[in-house]
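Thanks, everyone. I'll keep this short. Please have the chain up on your screens.

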Amino acid sequence: MQHDERVDLERYRGELTAFCYRMLGSVHEAEDLVQETLLRAWKARDRYDPARASVRTWLYRIATNVCLTALEGRGRRPLPSGLGAPSDSPEAPLTPALDVPWLEPFPDARFDVEVRADLRLAWVAAVQVLPARQRAVLVLREVLAFSAAEVAAQLGTTVAAVNSALQRARAALADVPDAGAVAEPDDPEVRAVVQRYMQAFEAADVPALVRLLADDAVLEMPPVPLWYRGSRDYGRFMERVFRMRGAGWGMREVTANGQPALAAYAPAPGGGFRRHSLQVFTVAGGRITHNVVFADPRVFDAFELPGEIPSDEIPASEIP
């Protein structure tokens with residue numbers, strides 16, 4: 001490999017980051033592991049043989065091994081709904097579980113990734129339950145469309161073992177909702193629903209929020225290990241939030257994991273708005289079925305969102 005082919009390695013950074021994110025459930029760790037992957041590839045460039053594999057296949061072999069090493073001895077990254085039953089108390093303590101390595105959202109705008117259906121939060125959360133090698137087989141075969149022979153070479157195993165691992169992974173994920181049933185964030189109906197939700201949230205209008213929810217809508221809030229199921233409990237909890245924080249919020253539209261999302265800024269005592277949470281929505285059938293509210297400040301950093309916005313900033317609802 002020639003020295004000037006370093007650019008050819010760099011062009012794979014986005015898709016490698018998405019791969020490592022699917023494997024680990026953390027965009028921060030994914031970025032670190034991609035950097036390690038590219039460094040290893042650069043150091044091994046003299047040993048690369050284009051007759052045996054393309055640059056892309058070679059890079060994924062390195063990335064897979066880097067991820068499997070990183071996953072040794074680790075548990076999964078969950079969402080609150082994967083740890084226990086829903087709460088029915090709107091006044092339950094909002095105590096963060098900082099010892100849990102929570103699943104993180106993926107900042108779409110920062111990475112050029114063509115296929116985002118298998119970046120959806122529900123899918124990534126389900127994949128986290130799989131053993132690491134099954135996880136790798138599923139992502140490499142089902143998402144990235146490598147052949148069984150290529151995956152066997154990447155994992156140092158046999159085609160039969162790859163096919164067996166894929167069958168077990170598919171069975172384990174059989175109950176995960178079909179990503180095809182979830183509308184894309186740029187769908188006009190989805191945008192209309194999210195914008196109405198945004199306007200109701202800015203005004204602290206709980207009845208308007210509830211009208212946009214599916215009957216069995218889920219609300220969860222990592223790092224708080226608390227979640228609610230059903231529009232009634234969702235609304236009761238939002239009444240608590242607005243009682244604590246007041247009305248007059250600021251919102252910005254973004255996307256995360258190929259899903260519509262809102263960055264919520266609470267009114268600050270001295271004026272302006274201060275970061276509060278990143279809310280990632282699942283919209284189906286013209287209703288919000290799931291809202292994962294991330295309150296970790298690092299999420300705003302990963303999405304390159306400001307910590308504060310001035311009071312005279314144009315609301316996201318007025319941006320064309």
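**Confidence first**

This is a predicted model. Mean pLDDT for the chain is 89, with 92% of its residues at 70 or more. Where pLDDT is low, the predicted coordinates should not be read in detail.

Now helix α7, residues 148–155. Which residues are buried there? Ala148, Val151, Ala152, Gln154 and Leu155. Looking down the axis of α7, those buried residues fall within an arc of 160°, so they line one face of the helix. What does the buried set of α7 pack against? Three helices: α4 (55–71), α6 (132–143) and α8 (159–172). Just after α7 comes Gly156, with a positive phi of about 65°.

Take Arg135, in helix α6. Arg135 is buried, yet has no salt bridge. Where is the nearest side chain of opposite charge? That is Glu29, 9.2 Å away. Beyond four places in sequence, the contacts of Arg135 are Arg22, Met23, Leu71, Val127, Gln128 and Leu130.

Glu142 counts as partly exposed because its relative accessibility is 40%. Its contacts beyond four places in sequence are Val137, Leu166 and Arg170. With Arg170 there is a side-chain to side-chain polar contact at 2.8 Å. Leu166 is 24 residues from Glu142 along the chain, and their C-alpha atoms are 8.6 Å apart.

Last, the backbone. Most residues other than glycine have a negative phi, and most peptide bonds are trans. One: the peptide bond from Pro222 to Pro223 is cis, with omega near 15°. Pro223 sits in the loop joining β1 (213–221) and β2 (224–229). Two: Ala204 is not a glycine, but its phi is positive, about 55°. Find Ala204 in the loop between α9 (188–202) and α10 (206–211). Glu304 lies in the loop between α12 (297–302) and β7 (308–309). Is Glu304 buried or exposed? Exposed, because its relative accessibility is 61% and the cut-off is over 50%.

Key: Residues numbered from 1 in each chain as written. Predicted model: local features only at pLDDT ≥ 70, side-chain atom pairs only at ≥ 80, totals over all residues. Heavy atoms only, no water. Buried < 20%, exposed > 50% of the residue type's maximum accessible area, 1.4 Å probe, protein only. Helix = DSSP H or I, 4+ residues; strand = E, 2+ residues; numbered from the N terminus. Arc of directions from axis to C-beta. Contact = heavy atoms within 4.5 Å. pLDDT = per-residue confidence, 0-100. Lys, Arg positive; Asp, Glu negative; His and termini not counted. Salt bridge = Lys/Arg side-chain N within 4 Å of Asp/Glu carboxyl O. Polar contact = N/O pair within 3.5 Å; in protein donor to acceptor, adjacent residues only side chain to side chain.
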